[in-house]
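This report goes through a structure by topic. The sequence and the model come first, and the account follows.

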Amino acid sequence: MAGEPQADCLFCKIAAGDVPATIVRETETTLAFRDISPQAPTHVLVIPKVHYSDAAELAAAEPVIAGDVLREAGQVAADEKVDGTGYRIVFNTGPGAGQTVFHAHAHVLGGRDLQRLV
Ligand code: 5GP
Ligand code: ZN
C-alpha cells in the first residue's frame with residue numbers, strides 16, 4: 001500500500017532502526033541523519049518515515065509530510081549553523097539526476113562554498 005515500509009528499501013530500514021545511522025533529528029514523521037559519504041562539511045539526509053519513491057510522489061500523496069521534510073531541512077541547517085552562510089537542499093529525482101535510493105529524501109549541504117548550479 002502507498003506509504004507502507006518496503007522490505008528492500010535502505011531508508012525504510014534506517015527509519016525502522018534496522019540499519020544504523022548517525023541520527024541528528026527526529027520528529028513523528030521525519031528522520032534526519034548524516035550521509036555515509038559526505039560531500040560537504042554538513043551533509044545530512046532528511047527522510048519522511050513513510051515510503052514514497054521520490055519527493056514529487058511524497059508531495060502528491062502527503063503534502064503535510066512533504067512540508068515537514070522541508071521544515072526539518074531548515075532546522076538541520078540551523079542546528080549545524082550553516083544557515084547564516086548559506087546551504088543547499090537537493091532532491092535528486094530519477095536515475096538520470098543521480099538518485100540512487102528510491103525513498104524520498106532531501107540532502108542538506110553546507111559548510112563550504114557551494115557553486116551556483118542554476
Ligand atoms: P541519492 O543519490 O539517492 O540522491 O542519495 C542517496 C544518498 O544516500 C547518497 O548521498 C549516499 O551517500 C547515501 N547513503 C547510501 N547508503 C547509505 C547508508 O547506508 N547510510 C547513510 N547514512 N547514507 C547512505
Ligand atoms: Zn523506503
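Is R25 buried, partly exposed or exposed? With a relative accessible area of 22%, R25 is partly exposed; buried means under 20%, exposed over 50% and partly exposed in between, with a 1.4 Å probe and protein chains only.

## Basis of the model

This is a predicted model, in which local features need pLDDT of at least 70 and side-chain atom pairs count only at pLDDT 80 or more, while totals for chains, interfaces and linings use all residues. Residues are numbered from 1 along each chain as its sequence is written, chains are lettered from A and ligands numbered from 1 in the order in which they are written, and side-chain values use heavy atoms, leaving out hydrogens and water.

## Salt bridges

The structure holds 5 salt bridges. Each is a side-chain nitrogen of Lys or Arg within 4 Å of a carboxyl oxygen of Asp or Glu. One of them joins R25 to E72, with the closest N and O atoms 2.6 Å apart. R25 lies in strand β1 (residues 23-26) and E72 in helix α3, so the pair ties together parts that are 47 residues apart in sequence. Helices (H or I, at least four residues) and strands (E, at least two) are DSSP runs, numbered from the N terminus. E72 is buried, at 3% relative accessibility.

Another bridge is formed by E26 and K49, whose closest N and O atoms are 2.7 Å apart. This pair links distant parts of the chain, 23 residues apart: E26 is in strand β1, and K49 is in the loop between β3 (42-48) and α2 (55-61). E26 counts as exposed at 51% relative accessibility, whereas K49 is partly exposed at 28%. D68 and R71 form a bridge with closest N and O atoms 3.3 Å apart. They are 3 residues apart in helix α3, which means a separation of about one helical turn. Salt bridges that share partners also join R25, E72 and D79 into one network.

## Zinc site

Which atoms coordinate the zinc ion (ligand 2)? They are C9 (SG), C12 (SG), H51 (ND1) and H103 (ND1), at 2.1 to 2.3 Å; donors are N, O and S atoms within 2.8 Å of the metal (3.2 Å for Na, K and Ca), and sites may look incomplete because water is not among the atoms. The 4 donor atoms subtend angles of 107 to 115°, so the arrangement is tetrahedral, a term for four donors with all angles between 85 and 135 degrees.

Along the chain the donors follow the spacing C-x2-C-x38-H-x51-H. C9 lies in the segment before α1 (10-16) and H103 in the loop between β4 and β5 (106-110), so the pair ties together parts that are 94 residues apart in sequence. Both C9 and H103 are buried.

## Aromatic pair

A search of the whole structure finds 1 aromatic pair, meaning rings of Phe, Tyr or Trp (its six-membered ring) with centres within 6.5 Å. F11 and F33 form this pair, 5.4 Å centre to centre with 80° between the planes, an edge-to-face arrangement (planes over 60 degrees apart; under 30 is stacked and the rest tilted). F11 is in helix α1 and F33 in strand β2 (residues 30-34), 22 residues apart. F11 is buried at 5% relative accessibility, and F33 is buried at 3%.

## An exposed loop residue

K81 sits in the loop between α3 (63-79) and β4 (87-90). Its phi is near 60°, a positive value in a residue other than glycine. Most residues other than glycine have a negative phi. K81 counts as exposed, at 71% relative accessibility.

Methods
Four donors count as tetrahedral if all angles lie between 85 and 135 degrees; four count as square planar and six as octahedral if opposite donors are over 155 degrees apart and all others between 65 and 115; anything else is irregular.
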